[in-house]
Amino acid sequence: FRSVQFAVFEATYTYLDNSVCRSEIPLTGGLQLRVVIGGTAASTMRSIIECPLEVAKVRRQTGQSWEFRNLYKGFGVTWIRTMGLMTTYFILLDTQRRHKADLFKSPVLGPFLISGVSATLAWWLVWPFEYMKSQVQSNYGKEMPLFQRMRLVMKERGGFFALYRGIGPGSIRSFLANGCSMIVMANAQRRLSEWGVRS
């Protein structure tokens with residue numbers, strides 16, 4: 001399902017190839033509005049697909065059963081997390097494409113580092129929401145609003161950095177998975193262009 005986010009981003013980015021959406025957002029070093037809109041569309045689609053799968057996964061990991069009517073439990077926090085994650089990721093990729101284009105010419109190391117670093121930085125930004133998503137979807141503690149839950153975790157577990165519980169393994173997984181995925185995607189795109197399937 002994660003390939004859907006890239007397809008939605010590329011389709012939105014291409015569809016918005018017009019003077020308004022190609023305009024650069026002031027003070028961003030050339031970031032175009034269509035990158036942000038594409039990231040938003042990709043994030044929304046990923047959240048719609050991912051939320052029920054995550055609910056089922058988290059419930060089974062914690063020894064709980066899941067019900068069809070609760071498959072979108074935690075959708076709000078999932079969407080917030082994914083909006084921050086994917087929009088940041090696409091912005092970082094776009095920035096590097098514009099300012100470090102030579103890195104994308106490398107078939108392995110460039111795409112691996114660019115995607116691995118971009119995804120990991122994006123995860124660091126949204127990790128507190130990932131942590132809260134897991135708590136909500138696993139029925140941990142009482143039902144409460146998201147920011148109240150975050151304040152409770154900070155109070156009970158030692159401050160702001162308590163929201164970053166699990167960031168180490170998450171960072172390693174993000175760097176390796178996204179780095180390897182970009183190698184495959186970049187080489188597939190290059191091959192499709194060579195065959196004339198993609199311009």
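I started with Cys51 and found it in helix α2. Helices here are DSSP runs of H or I with at least four residues, numbered from the N terminus. A note to myself: this is a predicted model, where local features need pLDDT of at least 70, side-chain atom pairs count only at pLDDT 80 or more, and totals for chains, interfaces and linings use all residues. Residues are numbered from 1 along each chain as its sequence is written, and side-chain values use heavy atoms, with hydrogens and water left out.

**Entry 1: around Cys51**

Is Cys51 buried or exposed? I looked it up: Cys51 is buried, because its relative accessible area is 0% (buried means under 20%, exposed over 50%, partly exposed in between, with a 1.4 Å probe and protein chains only). Leaving out residues up to four places away in sequence, Cys51 touches Leu71, Tyr72, Lys73, Gly74, Phe75, Thr78 and Gln137; contact means heavy atoms within 4.5 Å. Lys73 is 22 residues from Cys51 in sequence, and their C-alpha atoms are 7.7 Å apart.

**Entry 2: α2 with α3**

Next I checked how helix α2 (residues 33-61) packs with α3: the angle is about 140° and the axes are 8 Å apart. Axes are lines fitted to C-alpha atoms, for helices over the stretch in contact, and angles run from 0 to 180 degrees between N-to-C directions. That makes α2 oblique to α3, since under 35 degrees is roughly parallel, over 145 roughly antiparallel, 65 to 115 roughly perpendicular and the rest oblique. Cys51 turned up again here, among the α2 residues in the contact, and Phe75 and Thr78 are among those from α3. I sorted the contact residues into 12 nonpolar, eight polar and four charged (Ala, Val, Leu, Ile, Met, Phe, Trp, Tyr, Cys and Pro count as nonpolar, Asp, Glu, Lys and Arg as charged, and the others, Gly among them, as polar).

I then tested the length of helix α7 (residues 167-194): at 1.5 Å a residue its 28 residues should span 40 Å, and its end C-alpha atoms are 40 Å apart, so the two agree. The expected span is 1.5 Å times one less than the number of residues.

Buried residues of α7 include Gly170, Ser174 and Met182. I saw that α5 and α7 pack at about 145°, with axes 7 Å apart. Their contact has 15 nonpolar, eight polar and no charged residues.

Definitions and conventions: Helices (H or I, at least four residues) and strands (E, at least two) are DSSP runs, numbered from the N terminus.
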